[in-house]
Amino acid sequence: MIHCGSRTRPVLTGAKHTGRQLVLFRQGAGRTVAEALRRAAGIRLAVSSDLDGATSRTDLALGEGLLFERVGAALIHGDPDQARALVRRADPRALIIEPERYVRASGAVQPLSDAALPLRDTAFETWGLKATRALSSRYSGRGIRVAILDTGFDLGHPDFAGRGIASRSFVAELPVDDVNGHGTFCAGVACGPEQPRDAPRYGIASAAELHVARVLDDEASGTDGNVLAGIDWAVGHNCAVISISLGSPVYLGDGYPEVYEHVAARALAAGSLLIAPAGNESQRPDSIAPVEHPANCPSVVAVGAVGPSLEVAPFSNGGLNPNGGEVSLVAPGIAIVSAAPRPDLYQTGSGTSMATPFVAGVAALLAEARPAARGAALRKLLLETFRGLAAPVRDVGVGLVQAPQ
Amino acid sequence: MTYGIRRPRSQRPDASLSRVKVAIAVTDDACAHIDEVAAACRRLGLEHTSTLAGVGVLLGSVELADLPKLRTLPRVAAVEIKRQTRICALAVRRAAQDRAAALVASR
């Protein structure tokens with residue numbers, strides 16, 4: 001029976017389906033089919049674009065049906081067989097008719113009580129590890145190769161003694177040794193040890209196999225060519241995760257760089273996931289800058305930053321440009337403690353650069369937890385493992401990255 | 001609240017240069033024959049410096065005037081002028097070891 005005019009709201013009983021039918025029409029055929037349904041069965045479909053954005057769950061539950069004209073789809077109340085027969089009569093060329101499913105965020109996590117905020121560094125872990133639940137994870141990234149493309153690395157840092165580290169410099173006449181400190185910082189957050197010599201734990205994937213490609217000079221600047229060469233090297237070394245805490249600003253309305261997108265897509269196909277910072281050009285609340293290059297490529301995970309109260313960092317860029325220019329998710333990026341080149345050993349820093357290796361480290365844990373998940377599958381898993389935040393998707397994407405438990 | 005950054009007229013990419021560094025992505029089906037694409041690009045003026053075979057990219061430099069010709073070559077998917085990149089960090093404070101040591105000492 002088709003429930004024309006039904007006011008019954010679907011009840012959440014653990015059932016997989018809502019009792020409504022999801023119909024995919026040919027592009028542009030939506031209004032015609034809606035009119036045919038009205039004539040054939042008296043079903044009146046509301047049109048989503050006519051509702052002035054009021055397509056809340058309540059709206060969807062109470063109507064006879066709803067037409068999403070721009071995407072060529074509709075929701076119709078009723079029994080699947082009868083709905084299918086009616087839709088086929090109205091539009092023999094309708095593409096798909098299937099029951100609407102309940103959906104939920106996977107990777108459900110324990111909510112953090114407001115009383116715990118702001119998070120603070122303790123004797124045992126930095127606030128970033130607490131926020132991402134890295135310390136309680138049973139995974140350590142063992143067997144997973146993580147590449148850090150940056151200003152190099154202090155290969156003699158005592159916290160990394162005994163770790164087999166593959167390294168190569170792509171900057172002419174400069175060794176891998178990190179003078180700037182940014183690369184050592186990022187490697188520390190992604191792959192720092194379980195027990196640092198003289199600091200709280202600051203690294204996530206403590207048993208991952210670290211690969212370091214130097215692509216930036218001592219002033220932390222470089223060219224696309226060096227970065228692309230570093231990606232090529234990391235993909236060739238079967239790195240499941242490639243963290244590149246660098247970028248260059250883009251402008252409102254800019255598209256993504258095509259060469260990078262080709263490279264990122266090929267890296268995904270080869271089993272390597274690229275993760276890059278959203279950028280620090282915003283000055284919230286006054287202005288928000290768009291996600292920068294190369295994080296604005298559709299095949300690259302774009303990372304924004306939050307502070308210890310899980311608030312959006314004032315500098316963190318937002319998802320203003322479509323088609324890849326969105327923020328994928330966020331990670332800790334204010335007052336982060338990590339490794340520094342000798343003799344300092346430790347340093348604090350802020351930026352989406354600092355947030356990016358948190359996501360890289362968690363991606364390594366996920367790769368260990370799900371050995372078959374590489375490339376696009378790992379990216380999907382990463383974006384399903386989050387804690388929702390009370391902030392716009394524009395600023396935080398799916399939410400705060402979370403380590404698998 | 002404002003969104004985005006206004007592009008200054010003076011910041012059009014490499015407008016003052018006649019020869020520019022470029023990255024060239026070949027099409028997926030050409031990755032196995034990237035040397036042939038490189039040869040074709042060299043014939044059109046590319047000074048070819050390196051091949052990233054794993055990701056299907058050629059690096060080099062070219063006269064600005066030759067860029068449109070490169071873009072029309074068969075099996076060339078995209079040609080872009082290389083840009084400067086830099087880290088995305090704000091203040092980094094070294095010598096945080098005192099604070100780190102103090103935290104550890106509080107165990």
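This is a predicted model: local features need pLDDT of at least 70, side-chain atom pairs count only at pLDDT 80 or more; totals for chains, interfaces and linings use all residues.
1. You can follow the pairing residue by residue: A:Ser221 has B:Arg86 as its bridge partner in β6(B), while A:Gly222 stands opposite B:Thr85.

2. Reading across, the order is β9(A)-β6(B)-β11(A), with antiparallel pairing. β9 and β11 of chain A are the edge strands, each pairing on one side only. As a reminder, strands of a sheet pair through backbone hydrogen bonds, either parallel or antiparallel.

3. α6(A) lies across β9 and β11 of chain A together with β6 of chain B, and its direction makes an angle of about 80° with β9(A).

4. Besides being the bridge partner of A:Ser221, B:Arg86 forms a salt bridge with A:Glu281, where the closest N and O atoms are 2.6 Å apart. Across the interface of chain A and chain B there are four salt bridges by the rule used. Polar contacts between the two chains come to 20 residue pairs, counting those with both residues at pLDDT 80 or more.

5. Which elements of chain A supply the side that touches chain B? At least two residues each come from β9 (221-223), α6 (224-236), β11 (246-247), α7 (258-269), β13 (287-288), β17 (346-349) and α8 (352-369). α6(A) gives the largest share, eight residues. By class, this side of chain A has 33 nonpolar, 24 polar and 13 charged residues.

6. Finally, the overall extent of the interface. Chain A brings 70 residues to the contact and chain B brings 50 residues. About 4700 Å² is buried between the two chains, and carbon and sulfur atoms give 55% of that area. On the chain A side, A:Tyr251, A:Val259 and A:Arg266 lose the most area to chain B, together 15% of what that side buries.

Methods: Residues are numbered from 1 along each chain as its sequence is written. Chains are lettered from A and ligands numbered from 1 in the order in which they are written. Side-chain values use heavy atoms; hydrogens and water are left out. Contact means heavy atoms within 4.5 Å. Buried area is the accessible area (1.4 Å probe) that two parts lose on being put together, summed over both. A salt bridge is a side-chain nitrogen of Lys or Arg within 4 Å of a carboxyl oxygen of Asp or Glu. A polar contact is a pair of N or O atoms within 3.5 Å; within protein, one must be able to donate a hydrogen and the other to accept it, and residues adjacent in sequence count only if both atoms are side-chain atoms. Helices (H or I, at least four residues) and strands (E, at least two) are DSSP runs, numbered from the N terminus. Ala, Val, Leu, Ile, Met, Phe, Trp, Tyr, Cys and Pro count as nonpolar, Asp, Glu, Lys and Arg as charged, and the others, Gly among them, as polar. Two strands pair if DSSP finds at least two bridges between them. Axes are lines fitted to C-alpha atoms, for helices over the stretch in contact, and angles run from 0 to 180 degrees between N-to-C directions.
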